[in-house]
Amino acid sequence: MLTFRNVTLGFAGPPVLEDISFSVAPGETRIVLGPVGVGKSVLLKLANGLLRPDEGSIHLFGEDISHMREEDLFALRRRAGMVFQEGALFDSLTVRDNVAYQMIQERVADSEIDARVLEALRFVGLEETFSYFPSSLSGGMRRRVAIARALIHHPDLLLYDSPTGGLDPVTSTNIIELIVKQRDVFHTPSLMVTHRLQDAFTMCTHRFVTQDNGMVPLPEGETDPKTSFLMLSEGRLIFDGSLGALVRSEDPFVREFLE
Amino acid sequence: MAKDPIESTAKRIVLTVQDYSLFSYRAILNLFRPPVYWSDFLMQSDIIGVGSLSIVVLSGLSTGGVLALQSAATLSAFGATAVTGQFVSLTMIRELGPVLTGVMVSGRNASSMASELGSMVVTEQIDAMRALGVDPLRKLVTPRIFASVFMLFFLTIVADAFGIIGGGLVTVFMNHQNGTQYLNMAWEHLRLPDIVQGLAKPLFFGYILSSIGCFYGIRTTGGTQGVGRSTIQAVVNASVLIIFVDFLISRLILTLFAGWM
């Protein structure tokens, strides 16, 4: 689905990311951990070609996007949903038009748009906001609308940029529950960036039960086998593995981050 | 070393010109390749054209009036007050109509384009648009550029007309001269090069104000302060470039139509 090979990127100075290599396989959820300002969001923007690497290659859906023309990238990006840090909703459009943005550009019939938007909003529990403007929504609601916008096309890959950043613990848990729901219901591969260890661990130790419409903890000692971790430090990938391997890691930075 | 800042500034300027050229080239090319967002073109035409109508009418009317007022005093010294109409119409159609409209619309719309697009950049809405598979250049920039070129052409005609009307009102009601004579002089001394000059300029000015407004908006960095900076740069650069390009076009037309003048 997504492969980074020896990717390096800098902005007029020392590299922000250096020699990064990892991959996201079908059905897999990868969580990128690291402190604020370490280049996590940059890594996510490289994943769908919003930024280009200085060195190395990035393959998205089997195609090398490192040097692909912007016009050619649009078709690939439509297959990958992205949730931005602050939601990045279009503030002059209603929730309906935000969620259906891609479909409106493709001139899909209004009746189909309305049905699909309601379905996506129902998934995130925000049907009532259909005709609201983003300015009248809370921070958590905006993130949920952003998730609905990313999901409406049933993408082949999902990219989450700090989806719980700046939210209170209850709202954060609601957002994580949605991401777990998406993972366990649609099994879409995803790459999630976060600096909140609690969110990452919750994703790994919980599963979504459709009958209860809620997230439940996995039995003691069990973790989701398809969810694994990457950790960035000073622009370099210092860890790539499961939750078990992460907590057992002897790397001083990983230990410090976990503690 | 004093050489380094000069060198880096020169490089920055060359890089900006290069970026602007590529940006303009892609924005123009987009009009000839699908998808073309015609609904956005119509919406922008309404915002830029209809929205600017009142300021263009008022500034045209006042400028024509001032021209008649000021020229009458000077012309009367030579006993030539009869040519007030010719003076006002030629000045409005050749120079002040296009330039004034360009600068007024630039103040109104280049600033709004830069701030609107700049705000979208700093709130990641442009990146979100790209991530959704929509080209922001095609969706946001191309409709604004072509709406500006299209509407500035007509706004200039409106400004010219109201300038001549303003001059006529001052001539009749304040200078107490003959209105028919004013209109005859305004009409009879118009030549093809005057019309060509007056109608060619807004095409360039519309392009300048919109492409510069969008260019600075899309390049915004540095949060809300950056949006303010982009807005100022857009208005200042667009206005200065309009006046400079006006000089170039005037010189070119005077050369091309040397036999007509």
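Biologist: Where is B:S71?
Modeller: B:S71 sits in helix α2 of chain B. Helices here are DSSP runs of H or I with at least four residues, strands are runs of E with at least two, and both are numbered from the N terminus.

Biologist: Before we go on, what kind of model is this?
Modeller: This is a predicted model, where local features need pLDDT of at least 70, side-chain atom pairs count only at pLDDT 80 or more, and totals for chains, interfaces and linings use all residues. Residues are numbered from 1 along each chain as its sequence is written, while chains are lettered from A and ligands numbered from 1 in the order in which they are written.

Biologist: Back to B:S71. Buried or exposed?
Modeller: B:S71 counts as buried, because it has 22 C-beta neighbours inside 10 Å. The rule: buried takes 20 or more other C-beta atoms within 10 Å of the residue's own, exposed takes 12 or fewer, and partly exposed is in between, with C-beta atoms placed from the backbone.

Biologist: Which residues is B:S71 in contact with, leaving aside neighbours within four places in sequence?
Modeller: B:T84 and B:F87. Contact means that the two C-beta atoms, placed from the backbone, lie within 7 Å.

Biologist: And how far is B:S71 from B:G206?
Modeller: They are 30 Å apart in space, C-alpha to C-alpha, and 135 residues apart in sequence.

Biologist: At what angle do α2 and α3 of chain B pack?
Modeller: About 145 degrees, for α2 (residues 38-77) and α3 (residues 84-122) of chain B, with axes 9 Å apart. Axes are lines fitted to C-alpha atoms, for helices over the stretch in contact, and angles run from 0 to 180 degrees between N-to-C directions.

Biologist: What residue classes make up the contact of α2(B) with α3(B)?
Modeller: There are 14 nonpolar, eleven polar and one charged. Nonpolar covers Ala, Val, Leu, Ile, Met, Phe, Trp, Tyr, Cys and Pro; charged covers Asp, Glu, Lys and Arg; the others, Gly among them, are polar.

Biologist: What about α5 and α6 of chain B, how do they pack?
Modeller: Helix α5 (residues 136-173) and helix α6 (residues 179-188) of chain B pack at about 145 degrees, with axes 9 Å apart. From α5(B), the contact uses B:I164, B:G168, B:T171 and B:V172; from α6(B), it uses B:G179, B:Y182, B:L183 and B:A186. Five of the residues in the contact of α5(B) with α6(B) are nonpolar, three are polar and none is charged.

Biologist: What lies in the loop between α5 and α6 of chain B?
Modeller: B:H176 lies there. B:H176 is not a glycine, yet has a positive phi of about 55 degrees. Most residues other than glycine have a negative phi, and most peptide bonds are trans. B:H176 is also exposed, because 8 other C-beta atoms lie within 10 Å.

Biologist: Which peptide bond is cis?
Modeller: A cis bond joins B:P34 and B:P35, with omega about -5 degrees. B:P35 is in the loop between α1 (3-29) and α2 of chain B.

Biologist: Switching to chain A. How many helices and strands?
Modeller: Chain A has ten helices and twelve strands. Buried residues are 42% of its 259 residues.

Biologist: Why is α1 of chain A largely enclosed?
Modeller: Because eight of the eight residues of α1 (residues 40-47) of chain A are buried. Among them are A:K40, A:V42 and A:L46.

Biologist: What order do the strands of the open sheet in chain A have?
Modeller: The four strands run β2-β1-β4-β5 in chain A, with antiparallel pairing. The edge strands, each pairing on one side only, are β2 (15-24) and β5 (63-64) of chain A. Two strands pair if DSSP finds at least two bridges between them.

Biologist: How many bridges do β1(A) and β2(A) have?
Modeller: Six, in the antiparallel sense. A:T3 has A:S23 in β2(A) as its bridge partner. The two strands form a hairpin with four residues between them, and A:A12 in the turn has a positive phi of about 45 degrees.

Biologist: Last one: how many residues of chain A are in contact with chain B?
Modeller: 14 residues of chain A are in contact with eleven of chain B. On the chain A side, α2 (70-77) and α4 (101-105) are the elements that give two or more residues. By class, that side has eight nonpolar, three polar and three charged residues.
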